[in-house]
2 protein chains.
Amino acid sequence: MTTIKDVAKYANVSVATVSRVLNKKGYVGKDSEKAVLDAIKALNYKPNSVARSLYHKSSKMIGLLMPDISNPFFPELARAVEDVALTYGYTVVICNTDEDEQKERRYLDALMQKYIDGLILTTNHLTKEEYESLDLPLVALDRIISEDIPTVVADNFRGAKEATSYLADAGCKLILHIRGPKGVHPADRRYEGFKETVEERGIANLVVEAGFKINQAEEVVYNLLKDYPQIDGIFASSDVMAAGAMKAASRAGKSIPQDIQLIGFDGIPLGEMLVPSLTTVAQPIYEMGAVSARLLIKQIEKKPLDQLNYVLDPTLVIRQTTRSVDE
Amino acid sequence: MTTIKDVAKYANVSVATVSRVLNKKGYVGKDSEKAVLDAIKALNYKPNSVARSLYHKSSKMIGLLMPDISNPFFPELARAVEDVALTYGYTVVICNTDEDEQKERRYLDALMQKYIDGLILTTNHLTKEEYESLDLPLVALDRIISEDIPTVVADNFRGAKEATSYLADAGCKLILHIRGPKGVHPADRRYEGFKETVEERGIANLVVEAGFKINQAEEVVYNLLKDYPQIDGIFASSDVMAAGAMKAASRAGKSIPQDIQLIGFDGIPLGEMLVPSLTTVAQPIYEMGAVSARLLIKQIEKKPLDQLNYVLDPTLVIRQTTRSVDE
DNA sequence: CTGAAAGCGCTTACAG
DNA sequence: CTGAAAGCGCTTACAG
């Protein structure tokens, strides 16, 4: 690799001068500038990021901590973060923590040692104090860690209310909610939205908890369908769970949407691939990722933040697992 | 951050000695060693990777170039690469190239400037010469770039033959193959496997090309189903395409597997989520990623490679989109 | 406007 | 066994 010294020699100037034209900083005479530019081109010189990082204590890299990239909610989020990062000249490092505190710590250590410039957290297994003691720009995405950490989430509560109301309007008499694990912020909020709505409207309802994997939801729903054949509406806390519910319904001999109407949550591509295609509360996933990345980079570059917390609106996307509501 | 100097001062030794115990290299007296170890603990010292990189011209990072992480084939691959990399102390940087030469070049430049230690390529829009001129350990994954570059692929040809034979055995009389874009290695091989099989067995067949997105496959198949209502078997070049075919069949009033039997390719989680669940040729995706990562790291660490090219066996996973073959 | 020098935090010959 | 020094490739005061 050619270094700044080679360029300096070729251009007959000092490395300081080369550095100045590289960074467009400080005075440089016209002639020197041209000589340097020519040398750079002739030698196809690219400045060494590592040396720059060492001096600046900054790596132009951001970390994206997530539970598991192979969970279908995350790739699009990661994609958005990458796209925005690329625009601003940052590289992103994705870390799969598997919701495991030890793994999260290890990754954090490794990133700190690399002068990572900031972190987007979609996972939170350390305390707020630990995150803050990192002394790094931070954004909490899809989870809330603390008041002080800029946050980007969808309005899970509202999305859940809309979905539940829709099922009610569509005539469901006994609605099952498949909720996600307790303590996981979005799962809790969706549950609360569901609960408030069925209570307001006085609708009979059932709630079961399932993990985010499809088989769990399928089993849970299948068993419930045997005990409560009157269930005619299901609101699932994720699209994957909804897919599980579809499989359960099929096994139980129930057809969707004739016997049971179903609404998922997330808006991942899976929904469109199912037959019938899935009615769902779509989060603006890409936008959430993009907003987070911009918010993080603003902090890194010490620009003013006009807003600390973003609550983005989800959209109820009507597809084929619900019957049309006549109004 | 505490530096090696702080540790040296605290332990009353020189930085050279600290470095020696850090790297377990060179002679260090028992007493000094203990003093240094204590100092490291007391100060919670972590060596700075950037400084190390600068000296060693190596970053302990590997690059993973892929078309698009939100294409459902890639997250699991990425996950496997990450897992193995973590084990060996490497960090992975994922780059989404969108099959775009310009983006690929930009990423490559950025990575080179960071002293990236090696690259896993699932995308190839530069020439073999360009890749080799990077002068970096390389692994081609799921695509073949050149004889000289270690490669990990699934046996696409064999998988296609198995799938096609299975449809034939199951009694299909007119089989449609939805093939992927020409020039993409796996798509070509699957096509060839299909073609060879139908010809060997003298089975009527049709071939259409579709992109890797679901809507394209759906449209193409829907139109074909109108013109050729006799189609009773479909072999799709990917699971996503197969999902598109399912939607098309449903729209055309055909039921699966009664009227049409369907087999996909890839073995992504989607297949299990569909109703009926998808019979598919499953690639060992996780293993492909893991093998690639190990192969790359071996090169980086200059260990001998016992094998240069890995062709892994896919498995025909029978689920519900095919009828059982009676033998 | 420009260069010599110090420094970012490490590692490794080189002396001793 | 241990330390002083040079060097990895940059950047930025500091002189001039």
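Me: Which residues in helix α1 of chain A are buried?

Reply: Some conventions come first. This is a predicted model, in which local features need pLDDT of at least 70 and side-chain atom pairs count only at pLDDT 80 or more, while totals for chains, interfaces and linings use all residues. Residues are numbered from 1 along each chain as its sequence is written, chains are lettered from A and ligands numbered from 1 in the order in which they are written, and side-chain values use heavy atoms, leaving out hydrogens and water.

Buried means under 20% relative accessible area, exposed over 50%, and partly exposed in between (1.4 Å probe, protein chains only). Helices (H or I, at least four residues) and strands (E, at least two) are DSSP runs, numbered from the N terminus. In helix α1 (residues 4-11) of chain A, the buried residues are A:Val7, A:Ala8 and A:Ala11.

Me: Why do these residues lie on the same side of α1(A)?

Reply: An α-helix has 3.6 residues a turn, so residues three or four places apart point the same way. Here A:Val7, A:Ala8 and A:Ala11 cover an arc of only 100° around the axis, which puts them on the same side of α1(A); the arc is that of the directions from the helix axis to the C-beta atoms. A:Lys5 and A:Lys9, on the other side, are exposed. The buried residues pack against α2 (15-23) and α3 (30-43) of chain A, where contact means heavy atoms within 4.5 Å.

Me: How many aromatic pairs does the structure hold?

Reply: Rings of Phe, Tyr and Trp (its six-membered ring) pair if their centres lie within 6.5 Å; planes under 30 degrees apart count as stacked, over 60 as edge-to-face and the rest as tilted. Over all chains there are 6 aromatic pairs. The ring centres of A:Phe73 and A:Phe74 are 5.3 Å apart and the planes are at 70°, so this pair is edge-to-face. A:Phe235 and A:Phe265 form a tilted pair, with 6.3 Å centre to centre and 50° between the planes. A:Phe235 lies in strand β8 (residues 233-236) of chain A and A:Phe265 in strand β9 (residues 261-266) of chain A, so the pair ties together parts that are 30 residues apart in sequence.

Me: Which residues come nearest to DNA strand D?

Reply: A residue is near a strand if one of its heavy atoms lies within 4 Å of it. Of the 28 residues around DNA strand D, the nearest are A:Ile4, B:Arg20, B:Gly29, B:Ser32 and B:Lys57. Sugar and phosphate account for 68% of the atoms of DNA strand D that come within 4 Å of the protein.
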